[in-house]
Amino acid sequence: MSAFAGTRPLTRLALRRDRLMVPAWVLTFVVVAGVSASATAGLYPTVASRVQAGNILNSATAMVAMYGRIYDVTSLGAVALIKLSGFGAAMVALLAGMLVVRHTRADEEVGRFELAAAGVVGRYAALTSALVVAGATVLALSIGATLAFAAAGLPWSGSLAFGASWAGAGLVFAGVAAVTAQMATTARAARGLTASVLAGAYVVRAVGDTAAADGPRWLSWLSPIGWSQQVRPYAGDRWWVLALSLAATGALVLGAAALLARRDLGGGLLTDRPGPRTAGPLLGSPLALAWRLQRGALLGWTTGFVITGLLLGGIATSVEGLLDNPLVNRFLSRLGGAGALTDIFLATELGFAAIAAAAFGISAVLRLHAEEAQGRVDSLLTTGTSRTQWALAHVLVALVGTATLMVAVGLGMGVTYAVQIDDPGQVPRMLAAALVRLPAVWVLTGLAVAFYGLSRHLAALGWVALVGCIVLGEFGPVMDLPTWTWDLSPFTHVPTLPGGEVQAAPLLWLTLVAAGLVTLGLARLRVRDLLPD
């Protein structure tokens with residue numbers, strides 16, 4: 001029997017399972033790309049306006065770190081689509097990685113692949129079909145984005161290069177996920193490893209892009225996200241850079257195949273350590289068990305948030321370099337002075353941190369889904385523990401964990417910023433600015449609880465809600481969406497700190513909404529069936 005036998009049926013099965021999710025993601029990417037291109041094209045009608053905007057963005061270290069450099073400030077496409085360049089490529093990469101994990105390690109973890117392997121299925125069939133599905137998805141959204149850019153009036157050559165740059169990033173991280181799926185023993189760990197590699201690639205790209213002319217700019221060439229931006233769509237269209245993405249994808253896929261050939265079904269190269277013989281006091285309650293299951297992830301996230309806060313606080317003062325521009329001076333005079341721009345930058349970065357904290361909260365809640373799908377909760381419920389106690393334990397870890405993350409980023413940012421400007425008062429100021437976003441984070445966490453309580457098949461909608469908030473926050477103003485659509489995001493209703501005014505009413509309402517969603521989810525969980533996969 002061929003090692004690839006059964007690839008076609010498994011691919012058809014994967015496409016059938018994803019028949020709603022994949023088209024929805026492709027449509028989302030294409031619509032956001034097209035509307036963003038159409039909306040921003042009118043913002044820079046002349047070459048002079050594009051040069052001015054491009055120089056402003058390139059002179060801001062913080063903006064370059066977030067989105068990358070504009071390599072041709074006279075090009076409409078290069079200036080208008082700067083947000084979609086690095087950030088968009090990262091989102092495509094994340095989608096591709098999650099698809100590969102879903103159809104490899106996740107299926108193996110719940111026993112679905114073992115059932116399929118009882119037929120005529122070769123060793124490499126599942127991995128190959130997952131890569132085919134992820135690759136087809138990436139190519140479909142890249143082609144759709146290319147057509148959307150061209151329809152918005154941007155040059156065809158640059159549009160093709162932009163779509164190809166997205167495809168390159170997506171294919172590389174499909175390969176990364178193929179490797180992590182062989183290393184980890186759970187889908188959760190494989191997703192975490194993939195996301196960590198992606199975050200590392202984004203940080204390496206940011207360090208390289210923000211380096212001085214005589215500094216380590218070569219670091220950008222170590223990052224697949226950096227490769228995507230070095231294609232330079234609408235700014236020279238350097239097609240040869242895509243060879244790096246293709247070579248890395250090939251090497252990663254071959255590496256994943258080699259690892260797959262050397263491990264047992266259900267096993268991974270990163271083996272789990274055996275636990276103690278007796279539970280003891282550390283596992284004597286549902287909350288203790290939930291903490292034991294989640295503590296590793298929370299520690300990793302907290303470390304990342306501390307480092308992020310320290311870095312952001314350290315570069316905040318570089319934003320003031322924009323003050324050399326007369327246009328920015330006039331803008332700042334309307335906002336209230338020279339300190340306004342730094343506050344806006346810090347508030348923006350805390351907004352991103354809050355979205356990331358919400359991602360942890362959703363992930364922590366969805367641990368309930370994994371426990372149910374794998375049948376482990378049945379044994380727990382036979383001990384006299386109620387469903388509410390079991391679920392509430394994980395929800396508490398999610399809520400407290402998100403608060404811990406926001407405290408970590410707020411303290412980290414406050415400490416380094418205080419050192420930079422010699423003002424200890426910035427520590428409590430940044431901490432308050434971070435914590436004020438917690439109610440919005442808890443709303444998304446509560447929404448995940450509500451979806452899971454209604455049906456475990458709806459649990460993934462928590463991620464959909466998070467992506468919707470990202471789209472509204474990042475591209476809503478650019479796409480000139482109606483105001484009521486912005487109000488759908490809970491992050492719209494939190495005070496813009498530092499620099500804004502605190503209003504208690506929105507925070508109270510968001511907290512009540514979060515509590516209501518958690519209550520709804522727990523109430524529905526008590527009466528619905530618990531069914532393993």
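The following conversation asks how some descriptions of this predicted model are reached.

Author: This is a predicted model, in which local features need pLDDT of at least 70 and side-chain atom pairs count only at pLDDT 80 or more, while totals for chains, interfaces and linings use all residues. Residues are numbered from 1 along each chain as its sequence is written, and side-chain values use heavy atoms, with hydrogens and water left out.

Reader: How many helices and strands are there in the chain?

Author: The chain has 24 helices and zero strands, where helices (H or I, at least four residues) and strands (E, at least two) are DSSP runs, numbered from the N terminus.

Reader: Why is threonine 402 called buried?

Author: Buried means under 20% relative accessible area, whereas exposed means over 50% and partly exposed lies in between (1.4 Å probe, protein chains only). Threonine 402 has a relative accessible area of 0%, and therefore it is buried. This residue lies in helix α19, residues 387-421, and a polar atom of its side chain lies 2.7 Å from the backbone oxygen of leucine 399.

Reader: What makes α19 roughly antiparallel to α21?

Author: α19 and α21 pack at an angle of about 155°, with their axes 10 Å apart, and that angle makes α19 roughly antiparallel to α21. Axes are lines fitted to C-alpha atoms, for helices over the stretch in contact, and angles run from 0 to 180 degrees between N-to-C directions. Angles under 35 degrees count as roughly parallel, over 145 as roughly antiparallel, 65 to 115 as roughly perpendicular and the rest as oblique.

Reader: Which residues of α19 and α21 make the contact?

Author: Contact means heavy atoms within 4.5 Å. On the α19 side the residues are Trp390, Val395, Ala398, Leu399, Thr402, Ala403 and Met406, and on the α21 side they are Leu438, Val441, Trp442, Thr445, Val449 and Tyr452. Leaving aside neighbours within four places in sequence, threonine 402 is in contact with several residues, including Leu438, Val441, Trp442 and Thr445.

Reader: How do you know that the span of helix α21 agrees with what it should be?

Author: The expected span of a helix is 1.5 Å times one less than its number of residues. For the 17 residues of helix α21 (residues 438-454) this should give 24 Å, and because the end C-alpha atoms are 24 Å apart, the two agree.

Reader: Why is α21 described as largely enclosed by the rest of the structure?

Author: Of the 17 residues of α21, 14 are buried, so this helix is largely enclosed by the rest of the structure.

Reader: What makes arginine 528 buried, and where is its place?

Author: Arginine 528 has a relative accessible area of 10%, and therefore it counts as buried; its place is in the segment after α24 (504-527). A polar contact of 3.1 Å joins its side chain to that of glutamate 372, a polar contact being a pair of N or O atoms within 3.5 Å; within protein, one must be able to donate a hydrogen and the other to accept it, and residues adjacent in sequence count only if both atoms are side-chain atoms. A polar atom of the arginine 528 side chain also lies 3.1 Å from the backbone oxygen of glycine 453.

Reader: Why does threonine 104 count as buried?

Author: Threonine 104 is at 8% relative accessibility, and therefore it counts as buried. It lies in the loop between α6 (82-102) and α7 (105-109), and its C-alpha atom is separated by 6.1 Å from that of alanine 126, 22 residues apart along the chain.
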